[in-house]
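These entries record what I looked up in one structure, in the order in which I consulted it. I begin with the overall picture and then turn to single residues.

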Amino acid sequence: MRLTSFVFALGCAAATLYAAEEFPTSAGTVKITPINHASLMIEAGGKVIHVDPYSQGTQAKYAALPKADLLLITDS
């Protein structure tokens, strides 16, 4: 029973990893989706921007996302 509860809780936590927020602007909607730690995806004006993509253990997450038009790297 405990294992089932743990798996259910883990699944609920994983579902929140993609909880996007949308903001209306005069140029259209901006959608920001958290990916992992400081990594996020911004969608605006028909373009997709990935900020600080982090690959270790997140390949499946990125495979499920739209391909980036622009990558922003903020740290070495």
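**Entry 1: Surface and overall make-up**

I began with the surface: the protein exposes about 5,800 Å², and carbon and sulfur atoms supply 64% of that area. I note at the outset that this is a predicted model. I then looked up burial and found that 16% of the 76 residues of the protein count as buried.

I listed the secondary structure next, and it comprises 2 helices and 5 strands. Reading along the sequence, I recorded the pattern α-β-β-β-β-α-β. For contacts between residues at least 6 apart in sequence, I noted that 10% join residues at least 24 apart.

**Entry 2: Confidence**

I looked up the confidence before going into detail. The mean pLDDT of the protein is 80, and 74% of the residues score at least 70.

**Entry 3: Two hairpins**

I examined strand 1 and strand 2, which run antiparallel and are joined by 5 bridges. They form a hairpin with 2 residues between them. In this pairing I located T25, which stands opposite G28 in strand 2.

I then moved to strand 2 (residues 28–36) and strand 3 (residues 39–44), which pair in the antiparallel sense over 6 bridges. Here I recorded two facing pairs: K31 stands opposite E43 in strand 3, and I32 stands opposite I42 in strand 3.

I looked up H37, which lies in the loop between strand 2 and strand 3. Is H37 buried or exposed? H37 counts as exposed, because its relative accessibility is 83% and the cut-off for exposed is over 50%. I found its phi to be near 50°, a positive value in a residue other than glycine. I set this against the general rule that most residues other than glycine have a negative phi.

**Entry 4: D52 in a loop**

I turned to D52, found in the loop between strand 4 (47–51) and helix 2 (59–63). D52, too, has a positive phi of about 50° although it is not a glycine. I asked why D52 counts as buried. The relative accessible area of D52 is 18%, and buried means under 20%, so D52 falls into that class.

Which residues does D52 touch, not counting those up to four places away in sequence? I listed A38, S39, Y62, L72, I73, T74 and D75.

**Entry 5: L72 in strand 5**

I took L72 from that list; L72 is found in strand 5 (residues 70–72). L72 counts as partly exposed, because its relative accessibility is 36%. Leaving aside its neighbours within four places in sequence, L72 is in contact with I49, H50, V51, D52 and P53. For L72 and I49, which are 23 residues apart along the chain, I found a separation of 7.3 Å between the C-alpha atoms.

**Entry 6: Summary of the residues looked up**

H37 is exposed, L72 is partly exposed, and D52 is buried. I also recorded again that D52 and L72 are in contact.

Conventions
Residues numbered from 1 in each chain as written. Predicted model: local features only at pLDDT ≥ 70, side-chain atom pairs only at ≥ 80, totals over all residues. Heavy atoms only, no water. Helix = DSSP H or I, 4+ residues; strand = E, 2+ residues; numbered from the N terminus. Buried < 20%, exposed > 50% of the residue type's maximum accessible area, 1.4 Å probe, protein only. Contact = heavy atoms within 4.5 Å. Areas by Shrake-Rupley, 256 points an atom, 1.4 Å probe, with all protein chains shown as cover. Pairing = 2+ DSSP bridges. pLDDT = per-residue confidence, 0-100.
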